[in-house]
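Welcome to this short tour. Please have the sequence and the 3D view side by side, and follow along topic by topic.

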Protein chains: 2
Amino acid sequence: MLQMKSCAFALLAFPLAAQTLAPRSVPARQIPVPTDVSPALQKVIARPAEPGSAPTPKTTEEWKKSLAGPNAEEAKNAERLARELHVAVKPGTIGGVAVFYVTPEVVPPQNKGRLLMHVHGGGYVAFAGMAATSEAILLASHTGIAVVSVDYRMPPDAPFPAAVDDAAAVWKSLIQTHNPRGMALFGTSAGGGLTLATTLKLKELKLPLPGALMAGTPWADLTQTGDTEFTNQYLDNTLVQYQGGLAADARLYAGSHNLKEPLLSPVYGDLSGFPPTILVTGTRDLFLSDTVRVHQKLLQAGVDAQLIVLEGQSHAQYLDNSIPESRAALDEVAQFLDRHLDR
Amino acid sequence: MLQMKSCAFALLAFPLAAQTLAPRSVPARQIPVPTDVSPALQKVIARPAEPGSAPTPKTTEEWKKSLAGPNAEEAKNAERLARELHVAVKPGTIGGVAVFYVTPEVVPPQNKGRLLMHVHGGGYVAFAGMAATSEAILLASHTGIAVVSVDYRMPPDAPFPAAVDDAAAVWKSLIQTHNPRGMALFGTSAGGGLTLATTLKLKELKLPLPGALMAGTPWADLTQTGDTEFTNQYLDNTLVQYQGGLAADARLYAGSHNLKEPLLSPVYGDLSGFPPTILVTGTRDLFLSDTVRVHQKLLQAGVDAQLIVLEGQSHAQYLDNSIPESRAALDEVAQFLDRHLDR
């Protein structure tokens, strides 16, 4: 039975039988802050989960206005991180696309020929410009590898497939001068989804694939389908819930496209042939289900895939470098990339 | 920074600062059955989660009476599985301990020198005798490797450390005639915890360790500490909650010992030097946190550890072979063992 393949079920579209099955009734509860995590993480977990009350923007101008505040705040965070972690950040252009060169002060000899390509998160709508770079700075620091962070075009001006096209264009240009097996592609949240979608696109274009991927808590399904989008609602104090912000972001990004197209929701794509992939999420993450669904699909496609789930963490809190568990997780990502990238 | 070790925090006992931090208020909710899993799994997820209402047994006789029903039912399940999957089950004795020889009808040539040692679940109190063997039968079938299932002594007659001592005694006897690197130790729930505790004990005894472990949703912490023991309360329709059954089982098993002793709660043990380990859990599992805590401790101890989290599944539902996702997960376990065991 060892050779038996049990993949057939994964290819079916399941009938919506569940709609006729009774939901689970869960009473109102007070969930304590866990005591088995560091004091720094306890403080992050204790932050209130406040569903965003701002109305969804209706016009291009309203969207731009609503994004300006978070963008400016995240840009400041990135500048602080760059100073703290001794990482240089310089704007540039690759393949006609805006990028940032994010370079650690010290690059050890074994990493000279390596390069990481980063696609930022922010629901496909937020974190343009310098705000795109904070995760790139963290990974540059933890890996000791230079990063190119793609400042891809976004809605409302440039909806799907602009982001995927921009990421693919940068990759196509980078492989002219770099060994693709010495490069990894990575990102978190929308950036995790875009990491997977871009890899699907590179397969479609028959381009060489990266040597490894990190898909951090990937927004791999733009619809509200994964079980933890329900079970972790109100528990996740980063995303809080799908309705509202995420639903509006998905709609704005996808335009007239079906949200389940694989380049929008890569959990529905064919992940065979993907490079070794590490996935990171947390037990309270709204996207825990999306992450484990992708992990199972990768394993069943024969891909070397490693899953990390962090105790008590909500969405993407491993990018908070005040949390020791988060720094440890990024070191695990760095070790995974070090194992899989050509020198 | 690549070589930076961030393990220090994992060795600290965290102050209980969380007790002064505000808990999260979560309103009453109706959680739908997910539509991204097979119809067979949807049916399992839709089963009501009914907190056990039976009072905790007070005397040895009451305990034995309360266990008789579940034991008989699980023994029948094991007999059905053995017939269905063409696996022979025969009682025996190894190192003075009762065991079952659980042998697949067909053992491929590469598995002739391999052996799996199984320690069953059941909260350290349930599933004695034939009831111990259903997981062993499943793994024998999925791996094509012969299994020895340890029918270890249990409370109320034989509390801790009888179970650990019995498992260690069987191991000590098996390694007289088998290559330890060709053997894996495995179990689920209490059996997952006992897999880890037995490995700690083997380290203590300076005996050679197995070539691999499978710790399925390990009860790695007998106290109610892991975050999902709170967040997944009422969502997990196998265990439902810690208070009641689990708390009573822990107390009966531990006797006068502190529940956080590493041989009782191996998440508090030193996991360095452990063999490659695969862990399996589900997004609704009450022990999701215990599983991911062990996974992180293993990775930080430099152990090759693989985590599998199954969409929508409650505790140990991967042992239900009517669910295609569960059969696929056991195939992933089989592949992991095949990669790591000597031939």
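Predicted model: local features only at pLDDT ≥ 70, side-chain atom pairs only at ≥ 80, totals over all residues.

A residue counts as buried here if 20 or more other C-beta atoms lie within 10 Å of its own, with C-beta atoms placed from the backbone.

**The covered helix in chain B**

- The buried residues of α3(B) include Ser134(B), Glu135(B), Ile137(B), Leu138(B), His142(B) and Thr143(B).

- Chain A has an open sheet of 8 strands with mixed pairing, in the order β3-β4-β6-β5-β7-β8-β9-β10.
- Its edge strands are β3 (87-94) and β10 (305-310) of chain A, each of which pairs on one side only.
- From one strand to the next, the twist averages 20°.
- Helix α3 (residues 134-143) of chain A packs on this sheet and touches β3, β4 (97-104), β5 (115-119), β6 (147-150) and β7 of chain A. The direction of α3(A) makes about 35° with that of β4(A).
- Within the sheet, strands β7 (residues 183-188) and β8 (residues 212-216) of chain A pair in the parallel sense over 5 bridges. In this pairing, Ala184(A) has Ala212(A) in β8(A) as its bridge partner.

**Helix packing around α3 of chain A**

- Two packed helices are described by the angle between their axes and the distance between the axes.
- For helix α2 (residues 60-85) of chain A and α3(A), the axes come within 8 Å and cross at roughly 15°. Angles under 35 degrees count as roughly parallel, so α2(A) and α3(A) are roughly parallel to each other.
- The crossing of α2(A) and α3(A) is left-handed. On the α2(A) side the contact is made by Glu74(A), Asn77(A), Ala78(A), Leu81(A), Ala82(A) and Leu85(A), and on the α3(A) side by Ser134(A), Ile137(A), Leu138(A) and Ser141(A). By class, this contact of α2(A) with α3(A) has 6 nonpolar, 3 polar and 1 charged residues.
- Helix α9 (residues 324-340) of chain A packs with α3(A) at an angle of about 65°, with their axes 9 Å apart. Angles of 65 to 115 degrees count as roughly perpendicular, so α3(A) and α9(A) are roughly perpendicular to each other.
- The crossing of α3(A) and α9(A) is right-handed.
- In this second contact, Leu138(A), His142(A) and Thr143(A) of α3(A) meet Leu330(A), Asp331(A), Val333(A), Ala334(A) and Leu337(A) of α9(A). The classes in the contact of α3(A) with α9(A) are 5 nonpolar, 2 polar and 1 charged residues.

**Where the chains meet**

- In the interface, 64 residues of chain B are in contact with 64 residues of chain A.
- The largest share of the chain B side, 7 residues, comes from α9(B).
- The chain B residues that touch chain A divide into 35 nonpolar, 18 polar and 11 charged.
- Strand β2 (residues 29-31) of chain A is joined to β1(B) by 3 bridges, and these strands run antiparallel. There, Ile31(A) stands opposite Arg24(B) in β1(B).

**An exposed loop residue**

- Lys112(A) sits in the loop between β4 and β5 of chain A.
- A residue is exposed if 12 or fewer other C-beta atoms lie within 10 Å; Lys112(A) has 12, so Lys112(A) is exposed.
- The C-alpha atoms of Lys112(A) and Ala146(A) are separated by 8.2 Å, although the two residues are 34 residues apart along the chain.

Definitions and conventions
Residues numbered from 1 in each chain as written. Chains lettered and ligands numbered in written order. Pairing = 2+ DSSP bridges. Helix = DSSP H or I, 4+ residues; strand = E, 2+ residues; numbered from the N terminus. Axes fitted to C-alpha atoms, helices over the stretch in contact; angles between N-to-C directions. Contact = placed C-beta atoms within 7 Å. Parallel < 35°, antiparallel > 145°, perpendicular 65-115°, else oblique. Left-handed = near helix turned anticlockwise from the far one by under 90°. Nonpolar A, V, L, I, M, F, W, Y, C, P; charged D, E, K, R; others polar.
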